[in-house]
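This report describes the fold, core and charged pairs of the chain shown here. Please consult the sequence and the structure alongside the text.

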Amino acid sequence: YSVGEWEMEIVKVLEQILYDNRLNQTQFAERIGVKPSQVSEWLAGKNKPGYEKLRAICKEFKLDANVLLSVSNKENEQ
């Protein structure tokens with residue numbers, strides 16, 4: 001993935017987490033310890049979560065880090 005593709009993928013994954021857990025941005029922010037405005041920026045593609053925030057999301061929602069990092073078999077084969 002290029003950087004731009006990764007940013008789009010992270011937005012899709014975050015949106016799916018919100019949908020699957022029936023959370024709004026404020027509830028999601030509270031669960032991972034950030035401000036709602038930060039989540040809004042992530043979802044708008046204006047900013048992206050750093051390592052510690054990605055780690056917090058994985059831990060809170062019991063996700064494999066590969067889901068958030070968009071690591072795929074196709075990428076590994078190249």
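## A charged pair within helix 4

Because Arg55 and Glu52 are 3 residues apart in helix 4, about one helical turn separates them. Arg55 forms a salt bridge with Glu52, with the closest N and O atoms 3.9 Å apart; a salt bridge is a side-chain nitrogen of Lys or Arg within 4 Å of a carboxyl oxygen of Asp or Glu. Helices (H or I, at least four residues) and strands (E, at least two) are DSSP runs, numbered from the N terminus.

## Basis of the model and confidence

This is a predicted model, in which local features need pLDDT of at least 70 and side-chain atom pairs count only at pLDDT 80 or more, while totals for chains, interfaces and linings use all residues. Residues are numbered from 1 along each chain as its sequence is written, and side-chain values use heavy atoms, with hydrogens and water left out.

The average pLDDT (the predictor's confidence in each residue, from 0 to 100) of the chain is 84, and 79% of the residues score at least 70. Confidence is highest in helix 2, at 98, and lowest in helix 6 (residues 73-77), at a mean of 45. The pLDDT is below 50 over residues 73-78, a stretch that has 3 contacts in the model beyond near neighbours in sequence; contact means heavy atoms within 4.5 Å. Where pLDDT is low, the predicted coordinates should not be read in detail.

## Overall architecture

The chain has 6 helices and 0 strands, and its pattern along the sequence reads α-α-α-α-α-α. Of the 78 residues in the chain, 28% are buried; buried means under 20% relative accessible area, exposed over 50%, and partly exposed in between (1.4 Å probe, protein chains only). Among contacts in the chain with a separation of 6 or more, 54% come from residues 24 or more positions apart.

## The nonpolar core

The largest nonpolar core has 19 residues, and those with the most contacts inside it are Leu14, Ile17, Phe28, Trp42, Ile57 and Leu68. Such a core is a set of buried Ala, Val, Leu, Ile, Met, Phe, Trp, Tyr and Cys residues joined through side-chain atoms within 4.5 Å. At least two residues of this core come from each of helix 1 (3-20), helix 2, helix 3 (36-44) and helix 4. Helix 1 gives the most, with 6 residues.

Ile57 is in contact with Leu14, Ile17, Phe28, Ile32, Trp42, Lys62, Leu63 and Leu68, leaving aside its neighbours within four places in sequence.

## Helix 2

Phe28, Ala29 and Ile32 are buried in helix 2 (residues 25-32). They line one face of the helix, because the buried residues fall within an arc of 100° when seen down the axis of helix 2; the arc is that of the directions from the helix axis to the C-beta atoms. At the start of helix 2, a side-chain oxygen of Asn24 comes to within 3.0 Å of the backbone nitrogen of Thr26. Gly33 follows helix 2 and has a positive phi, near 80°.

Gln25 lies in helix 2 and is partly exposed, with a relative accessible area of 32%. Not counting residues up to four places away in sequence, Gln25 touches Leu18, Pro36, Val39, Ser40 and Leu43. A separation of 9.9 Å is found between the C-alpha atoms of Gln25 and Leu14, which are 11 residues apart along the chain.

## Helix 4

The buried residues of helix 4 (residues 51-61) are Leu54, Ile57, Cys58 and Phe61. They cover an arc of only 95° around the axis, so they lie on the same side of helix 4. Arg55 and Lys59, on the other side of helix 4, are exposed. Helix 4 is followed by Lys62, whose phi is positive, near 50°.

## Other salt bridges

The whole structure holds 3 salt bridges. In one of them, the side chains of Arg31 and Glu60 meet at 2.8 Å, N to O. This pair links distant parts of the chain, with Arg31 in helix 2 and Glu60 in helix 4, 29 residues apart. Arg31 is partly exposed, at a relative accessible area of 37%, and Glu60 is also partly exposed, at 29% relative accessibility.

The side chains of Lys12 and Glu9 meet in a further salt bridge (4.0 Å, N to O). Both residues lie in helix 1, 3 residues apart, about one turn of the helix. Lys12 is partly exposed, with a relative accessible area of 48%, and Glu9 counts as partly exposed at 23% relative accessibility.

Technical notes:
Polar contact = N/O pair within 3.5 Å; in protein donor to acceptor, adjacent residues only side chain to side chain.
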